[in-house]
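The following explanation is intended for a reader meeting this structure for the first time. Please keep the sequence and the model in view while reading.

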Amino acid sequence: MSNVAALSLYSIFKTEKILDNNKLEDFVNIIICKKSILLFCIGNSRISADFFNNQLKRVGINSSSHSSVHELLMQSSFDLKDTVVILISNSFNTKKIKFATSYLIDKSIPFLIITSSENIKNNQLIKKAEWCLFYSVNKKEKYSFPMISSFYSQIFILNIIFNRIIQKMKNS
C-alpha cells in the first residue's frame with residue numbers, strides 16, 4: 001500500500017514542478033472558447049478522459065469521450081468549427097494515437113495534448129498541437145501495469161484545468 005501512495009504522490013509533486021502555468025492558462029482558455037470538446041484516449045487514459053468528460057458536462061460544457069478511432073472519425077465528420085480535440089496518452093506512441101493525431105492535422109482540426117514528459121523531445125506529432133501539457137511518471141514504474149503514476153498525474157492536471165474553468169466561468 002505504501003508503494004502505491006509513494007508512486008502517486010511522487011508523480012503529483014513532480015508534475016506540479018514541470019507544469020507551465022502560462023500554457024495551462026492558454027489550454028483552459030481554448031477549452032472555454034469552444035462550443036464542443038472531444039476527448040480521445042487509449043488504454044488506461046480512458047479512465048482519466050471519462051472523469052474529465054463527466055466534470056465538463058456537470059458545468060454545461062458540451063463534451064464527449066472516445067477511445068475508438070472509429071468513434072473519433074464519426075464524431076469529427078460533423079461540423080467542427082467550434083470544437084477542439086484533447087488527446088490524452090501516456091506513451092503517445094500507439095498506432096491509434098498516431099493515426100488520430102495525423103488525421104486531426106490533415107483535417108486542420110485543432111487539438112490539445114496531455115502526455116508524459118518522457119515524450120517532450122521524441123515525437124514530431126506533439127509539436128503540431130495547439131498546446132501540450134506534460135506530466136511526470138515515475139521511471140522506476142515504467143514496466144508496471146497499469147501505470148499508477150500516470151493515472152494520478154493525468155487526474156491531477158485535469159482537476160487543475162477543471163478548477164480553472166470553473167473560476168473563469170464564475171468571473172464571466
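The model is a predicted one. Its sheet is open and consists of 5 strands, arranged in the order β2-β1-β3-β4-β5 with parallel pairing. At the edges lie β2 and β5 (131-135), each of which pairs on one side only. On average, and with direction ignored, neighbouring strands of this sheet are turned by 15° against each other.

Two packed helices are described by the angle between their axes and the distance between the axes. For α3 and α6, the axes come within 9 Å and cross at roughly 15°. Since angles under 35 degrees count as roughly parallel, α3 and α6 are therefore roughly parallel to each other. Their crossing is right-handed. Among the residues that make the contact are Phe-51, Phe-52 and Leu-56 of α3, together with Leu-158, Phe-162 and Ile-165 of α6. By class, this contact of α3 with α6 comprises 10 nonpolar and 5 polar residues, and no charged ones.

The crossing in which α4 passes α5 is right-handed. From α4, the contact involves Val-69, Leu-72, Leu-73 and Ser-76, while α5 contributes Lys-96, Phe-99, Ala-100 and Tyr-103. These residues divide into 6 nonpolar, 1 polar and 1 charged.

Attention may now pass to one residue. Ile-61 lies in the loop between α3 (45-58) and β2 (62-66). Is Ile-61 buried or exposed? Its relative accessibility is 13%, and because buried means under 20%, Ile-61 counts as buried. Apart from neighbours within four places in sequence, Ile-61 is in contact with Ile-37, Leu-56, Ile-165 and Met-169. Of these, Leu-56 and Ile-165 also take part in the contact of α3 with α6. Lys-35 is 26 residues from Ile-61 in sequence, whereas their C-alpha atoms are 7.4 Å apart in space.

Conventions: Residues are numbered from 1 along each chain as its sequence is written. This is a predicted model: local features need pLDDT of at least 70, side-chain atom pairs count only at pLDDT 80 or more; totals for chains, interfaces and linings use all residues. Side-chain values use heavy atoms; hydrogens and water are left out. Helices (H or I, at least four residues) and strands (E, at least two) are DSSP runs, numbered from the N terminus. Buried means under 20% relative accessible area, exposed over 50%, partly exposed in between (1.4 Å probe, protein chains only). Contact means heavy atoms within 4.5 Å. Two strands pair if DSSP finds at least two bridges between them. Axes are lines fitted to C-alpha atoms, for helices over the stretch in contact, and angles run from 0 to 180 degrees between N-to-C directions. Angles under 35 degrees count as roughly parallel, over 145 as roughly antiparallel, 65 to 115 as roughly perpendicular and the rest as oblique. A crossing is left-handed if the near helix is turned anticlockwise from the far one by less than a right angle, and right-handed if clockwise. Ala, Val, Leu, Ile, Met, Phe, Trp, Tyr, Cys and Pro count as nonpolar, Asp, Glu, Lys and Arg as charged, and the others, Gly among them, as polar.
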